[in-house]
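Welcome! Let us take a friendly walk through this chain, one part at a time. Have a look at the picture before reading on.

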Amino acid sequence: EFGLIKRLTENIELKNPESKYGVGDDCAVLTYSDDKDILVSTDLLMEGVHFDLTYLPMKHLGYKAAQVNFSDIYAMGGMPKQITVSLALSKRFSIEDMDDFYAGLRLACDAHGVDIVGGDTTSSRTGLAISITVIGEVEKGKAIYRNGAKDTDLICVSGDLGAAYMGFQLLEREKEVYYNQIESAKTDAERMAISQPDFSGREYLLERQMKPEARRDIVLRLREAGIQPTAMMDISDGLSSELLHICTQSHCGCRIYEDRLPIDYQTAVMAEELNMSLSTAALN
């Protein structure tokens with residue numbers, strides 16, 4: 001993915017003076033006023049790639065789709081203001097499904113003070129595709145890029161690592177068990193007796209996977225403390241690949257101490273149950 005992006009964009013030249021920063025960070029940065037810079041980012045979510053509607057309710061999907069976009073703005077030190085929402089729908093989706101999706105979307109927007117200002121809808125032959133563009137703002141000259149990291153900088157994260165991935169592993173395991181039960185059931189009584197998975201004690205893992213929260217609080221706390229990070233980005237692909245982006249653009253290296261990776265207890269228990277490397281889950 002990263003190699004393809006580089007190949008497609010490496011020769012793009014910005015022609016307009018308002019285009020301050022283009023491809024290569026969490027957001028593009030545009031300048032139209034003397035006191036604010038405009039931040040713009042787009043995310044595409046594809047059914048079967050980014051989400052599975054076997055276990056993800058439409059309301060949660062709408063909420064998550066908004067949050068992952070807000071996160072890009074916060075990763076630049078800015079505040080999201082507006083989004084546009086484009087949907088490609090197959091005919092298996094009902095009006096009620098879309099009501100639920102928009103209920104989750106609006107819940108996220110209300111919590112972060114973001115307006116839904118437009119979008120597009122079209123038909124799809126393969127399922128559901130969601131494209132959201134988010135527009136935000138940051139004080140002029142205060143955008144935090146990936147290319148400012150320096151020797152001796154500390155690497156900090158805003159929470160624990162690996163929980164969303166372990167939530168995904170848990171859901172995929174239980175989905176397989178559920179489908180196996182359906183296939184083996186021969187009578188209506190056997191189908192009625194199929195048990196629902198017990199997720200008690202795993203609620204945190206499921207929440208991190210199905211209902212993530214963009215870290216508006218971190219941006220506000222940094223501002224209150226008068227701290228301007230040298231480089232910043234959100235962790236959507238794992239700590240190792242995100243640090244690779246920062247190091248590549250900042251022309252430096254990094255060192256991660258395994259014993260300092262912040263990991264939640266539920267994540268550690270789940271990794272042990274699945275016989276998976278905890279550090280690998282946290283990094284990737």
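## A hairpin to begin with

In strand 3, Thr31 has Asp37 as its bridge partner. This pair belongs to the place where strand 2 (residues 28-31) meets strand 3: the two run antiparallel and are joined by 4 bridges. Strand 2 and strand 3 make a hairpin, and 4 residues lie between them. Please keep in mind throughout that the model is predicted.

## The chain as a whole

Now step back for a wider view. The chain holds 10 helices and 6 strands. Its C-alpha atoms fill a box of roughly 70 × 45 × 40 Å along the principal axes. For 284 residues, a compact globule would have a radius of gyration near 19 Å, and the 21 Å of this chain agrees with that.

How much of the chain is buried? Of the 284 residues, 38% count as buried. Contacts also reach across the sequence: among those with a separation of 6 or more, 80% are between residues 24 or more positions apart.

In the order 1-2-3-6-4-5, 6 strands form an open sheet with mixed pairing. Which strands stand at the edges? They are strand 1 (19-21) and strand 5 (115-123); each has a single partner strand, so one side of each is left without a neighbour in the sheet. Ignoring direction, neighbouring strands are turned by 25° against each other on average.

Moving along the sheet, strand 3 pairs with strand 6 in the antiparallel sense, over 11 bridges. Here Asp43 stands opposite Ile132 of strand 6. Strand 4 (residues 79-89) and strand 5, on the other hand, run parallel and are joined by 8 bridges. There, Ile83 stands opposite Ile116 in strand 5.

## Helices on the sheet

## Where the two helices meet

Two packed helices are described by the angle between their axes and the distance between the axes. How do helix 2 and helix 3 cross, and at what angle? The axes of helix 2 (residues 58-74) and helix 3 (residues 95-112) come within 6 Å and cross at roughly 35°. This crossing of helix 2 and helix 3 is right-handed.

Residues from both helices make the contact: helix 2 brings Met58, Leu61, Ala66 and Phe70, among them, while those from helix 3 include Met98, Phe101, Leu105 and His112. Sorted by class, the contact of helix 2 with helix 3 has 13 nonpolar, 4 polar and 3 charged residues.

## A stop in a loop

Our last visit is to a single residue. Where is Arg92 found? Arg92 sits in the loop between strand 4 and helix 3. Leaving aside neighbours within four places in sequence, Arg92 is in contact with Glu47, Leu53, Asp97 and Gly127. Arg92 and Leu154, by contrast, are 62 residues apart in sequence, and their C-alpha atoms are 49 Å apart in space.

Note on methods:
Residues numbered from 1 in each chain as written. Predicted model: local features only at pLDDT ≥ 70, side-chain atom pairs only at ≥ 80, totals over all residues. Heavy atoms only, no water. Axes fitted to C-alpha atoms, helices over the stretch in contact; angles between N-to-C directions. Left-handed = near helix turned anticlockwise from the far one by under 90°. Contact = heavy atoms within 4.5 Å. Nonpolar A, V, L, I, M, F, W, Y, C, P; charged D, E, K, R; others polar. Pairing = 2+ DSSP bridges. Rg over C-alpha atoms; globule rule 2.2 N^0.38 Å. Buried < 20%, exposed > 50% of the residue type's maximum accessible area, 1.4 Å probe, protein only.
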